[in-house]
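Let's walk through this fold together. Take a look at the chain first, then read the notes below.

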Amino acid sequence: KTYPSIANFILLDFKDKVMCDNINNFLLSNSIILRDMNSYSLNSCLRLTVGTKEENLKTIENISIALK
């Protein structure tokens with residue numbers, strides 16, 4: 001799930017902390033850094049900073065792979 005934003009961030013909610021941590025670790029292993037939102041008590045969420053078209057596509061592709 002994503003939430004509307006007026007900034008250059010997108011909040012991604014994976015509904016489950018374990019899934020969120022697994023996806024975050026997978027992304028980190030592929031040199032993609034998203035910010036976990038644990039400090040905001042949003043334990044199942046990651047914050048994505050909007051980047052270039054290529055960076056965004058790489059991130060989306062890797063999230064899709066991690067969700068399989």
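Among contacts (heavy atoms within 4.5 Å) between residues at least 6 apart in sequence, 59% join residues at least 24 apart. Keep in mind that this is a predicted model, where local features need pLDDT of at least 70, side-chain atom pairs count only at pLDDT 80 or more, and totals for chains, interfaces and linings use all residues. Residues are numbered from 1 along each chain as its sequence is written, and side-chain values use heavy atoms, with hydrogens and water left out.

**The sheet and its helix**
- The three strands make an open antiparallel sheet in the order 1-3-2, where two strands pair if DSSP finds at least two bridges between them.
- Strand 1 (9-13) and strand 2 (35-37) sit at the edges with a single partner strand each, so one side of each has no neighbour in the sheet.
- Strand 1 and strand 3 (residues 42-49) share five bridges, and Asp13 stands opposite Cys45 in strand 3.
- Helix 1 (residues 17-29) packs on the sheet, touching strand 2 and strand 3. Its direction makes about 35° with that of strand 3 (axes are lines fitted to C-alpha atoms, for helices over the stretch in contact, and angles run from 0 to 180 degrees between N-to-C directions).

**A look at Lys53**
- You'll find Lys53 in helix 2 (residues 53-67).
- Lys53 counts as exposed because its relative accessibility is 63% (exposed means over 50%, buried under 20%, partly exposed in between, with a 1.4 Å probe and protein chains only).
- The C-alpha atoms of Lys53 and Leu34 are 16 Å apart.

**The whole chain**
- Buried residues make up 25% of the 68 residues.

Terms used
Helix = DSSP H or I, 4+ residues; strand = E, 2+ residues; numbered from the N terminus.
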